[in-house]
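Let's take a walk through a protein model together, one region at a time. Keep the structure open beside you and turn it as you read.

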Amino acid sequence: MEQKEQKDILILAIESSCDETAAAVVKNGRDVLSNVISSQIDLHTLYGGVVPEIASRKHMEAIDGVITKALEQANVTLADIDAIGVTYGPGLVGALLVGLAEAKALAFATNKPLIGVHHIEGHICANYIEHKDFAPPYMTLVVSGGHSHLVYVSDYGKYEIIGRTRDDAAGEAYDKVARAIGMGYPGGPKIDAAAKKGNPNAVKFPRVFLEEDSYDFSFSGLKSAVLNYVNKQKMMEQPIVPEDIAASFQQSVVDVLVTKTIKAAKEKGVSQVALAGGVASNSCLRERMQKACETEGFRLSIPSPVLCTDNAAMIGCAAYYEYLAGVRDGWDLNANPSLKLGER
Ligand code: KG4
Ligand code: ZN
């Protein structure tokens with residue numbers, strides 16, 4: 001019997017939850033035809049962090065051009081697109097609304113399905129783009145500027161959060177510590193680079209593991225320990241070596257992240273581990289997690305750095321699996337700044 005040919009599914013995806021305006025065209029979930037990112041980082045650097053009002057305004061200025069470019073680079077037109085995927089939470093409400101309004105307008109005008117995507121689900125799905133054969137079940141560590149989660153992914157779209165931060169997110173701790181030692185915003189990449197020239201054992205910072213059976217994280221105590229150390233050194237007119245502080249702080253964060261991830265993977269009995277989110281582009285975390293997974297016999301998936309930080313290709317991938325599951329959103333879909341993973 002002749003086999004029926006499957007039609008390719010093309011998703012136009014839009015992401016505007018924080019300080020990147022991004023659009024992408026993704027074929028069948030894993031094939032990225034274009035991935036356009038317009039970053040506002042230089043602008044926010046002037047203020048030492050993301051200014052929500054400025055972010056919304058800049059998204060409005062950039063979004064049309066970014067979408068046009070994504071379609072052009074993919075060599076398609078809106079008519080070729082099967083569905084429009086968009087981040088609708090969590091994130092900055094004013095920033096989310098720009099992408100969402102644009103997605104709704106395009107979907108309405110072209111009569112295409114609209115699919116709202118959870119930002120963290122997008123980060124996790126970046127692993128499917130990176131490794132075409134990567135599939136659930138697996139344990140994933142999601143570490144970004146706003147989130148630090150340990151998530152057990154039993155199937156596409158099925159998430160069980162088994163640990164989360166009780167205070168600061170890992171990326172937030174990087175950004176705050178960087179500011180304290182005069183490295184500016186965004187702190188993650190700067191600490192990553194400085195730590196390579198520093199001694200990770202120079203300063204003994206705490207490792208916060210919380211209760212024996214907990215997979216939660218807490219980074220605010222570590223952040224305070226770094227600030228106290230810097231102040232003490234200044235008061236005693238002792239030298240401050242930013243590279244040593246960066247390396248020691250990073251060692252402490254990575255020790256906890258790797259230990260908890262491996263323990264959680266063992267407990268759930270999975271054979272695969274994945275990293276996701278902006279902090280997953282950290283060179284020390286990538287290296288240490290790779291070593292730990294090799295020792296324990298887990299397959300590790302880590303997206304390339306450009307797929308770890310905010311982008312729309314990951315949103316297109318997540319939207320594809322939602323599309324297959326039959327998810328279609330209405331025109332009443334609203335931005336939800338504190339949307340929970342797995343919730344609609
Ligand atoms: O995922 P993301 O782009 O945005 C959010 O959803 O939050 O993550 C941004 C965070 C920032 O806190 C940034 O400092 C951190 O990821 N980050 C890094 C590195 N690159 C970005 N942290 C550590 N090392 C890096 N190389
Ligand atoms: Zn993100």
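## A guided tour, from strands to zinc

Before we start, please keep in mind that this is a predicted model. Our first stop is a pair of facing residues: Val142 stands opposite Ala276 in β9. The two strands to look at here are β6, residues 138-143, and β9, residues 272-276; they run parallel and are joined by 4 bridges. As background, strands of a sheet pair through backbone hydrogen bonds, either parallel or antiparallel.

Now zoom out to the sheet. It is an open sheet of 5 strands with mixed pairing, and its order is β8-β7-β6-β9-β10. Which strands are the edge strands? They are β8 (158-164) and β10 (299-301), each of which pairs on one side only. From one strand to the next, the twist averages 25°. Look next for helix α8, residues 242-268: this helix lies across β6, β7 (148-155), β8 and β9, and runs at about 155° to β6.

Another helix to find is α5, residues 170-180, whose buried residues are Ala170, Gly171, Ala173, Tyr174, Asp175, Val177 and Ala178. What covers these buried residues of α5? The cover includes strands β6 and β7, together with the helices α6 (187-195), α7 (220-235) and α8.

Let's move to strand β1, residues 10-15. Is β1 mostly covered or mostly open? β1 is mostly covered, with 6 of its 6 residues buried. In a regular strand the side chains alternate between the two faces of the sheet. You can follow this along β1: Leu10, Leu12 and Ile14 point one way, while Ile11, Ala13 and Glu15 point the other way, and all are buried.

Strand β1 has partners to trace as well. One of them is strand β2 (residues 20-27), which runs antiparallel to β1 and is joined to it by 6 bridges. β1 and β2 form a hairpin, with 4 residues between them. Within this pairing, Ile11 stands opposite Val26 in β2. Strand β4 (residues 83-89) is another partner, running parallel to β1 with 4 bridges between them. Here, Ile14 stands opposite Val86 in β4.

Next, look for rings. A search of the whole structure finds 11 aromatic pairs. A pair of aromatic rings is described by the distance of the centres and the angle of the planes. Take Tyr128 and Phe134: their centres are 6.4 Å apart, with 35° between the planes, and the pair is tilted. Tyr128 counts as buried because its relative accessible area is 1%, and Phe134 is buried too, at 0% relative accessibility. Compare the rings of Phe217 and Phe219: their centres are 5.9 Å apart and their planes lie at 15°, so this pair is stacked. Phe217 is buried, with a relative accessible area of 0%, and Phe219 is buried with 2%.

Some rings gather in a group: Tyr128, Phe134, Tyr138, Tyr156, Tyr320 and Tyr321 form one aromatic cluster. The charged end of Lys260 sits over the ring of Phe217, 6.0 Å from its centre. The charged end of Arg328 sits over the ring of Tyr323, 4.2 Å from that ring's centre.

Now find the zinc ion, ligand 2. Which protein donors does the zinc ion have? They are His119 (NE2), His123 (NE2) and Asp310 (OD), which lie 2.0 to 2.1 Å from the zinc ion. Along the sequence, the donor residues are spaced H-x3-H-x186-D. His119 and His123 are 4 residues apart in helix α4 (residues 119-130), so about one helical turn separates them. Both of these histidines, His119 and His123, are buried.

Our last stop is Leu46, in the loop between α1 (41-45) and α2 (52-74). Is Leu46 buried or exposed? Leu46 is exposed, because its relative accessible area is 67%. To finish, trace from Leu46 to Tyr185: these residues are 139 residues apart along the chain, and their C-alpha atoms are separated by 8.5 Å.

Terms used: Residues are numbered from 1 along each chain as its sequence is written. Chains are lettered from A and ligands numbered from 1 in the order in which they are written. This is a predicted model: local features need pLDDT of at least 70, side-chain atom pairs count only at pLDDT 80 or more; totals for chains, interfaces and linings use all residues. Side-chain values use heavy atoms; hydrogens and water are left out. Two strands pair if DSSP finds at least two bridges between them. Axes are lines fitted to C-alpha atoms, for helices over the stretch in contact, and angles run from 0 to 180 degrees between N-to-C directions. Contact means heavy atoms within 4.5 Å. Rings of Phe, Tyr and Trp (its six-membered ring) pair if their centres lie within 6.5 Å; planes under 30 degrees apart count as stacked, over 60 as edge-to-face and the rest as tilted. Buried means under 20% relative accessible area, exposed over 50%, partly exposed in between (1.4 Å probe, protein chains only). A charge sits over a ring if NZ of Lys or CZ of Arg is within 6 Å of the ring centre and within 35 degrees of the ring normal. Donors are N, O and S atoms within 2.8 Å of the metal (3.2 Å for Na, K and Ca); water is not among the atoms, so sites may look incomplete.
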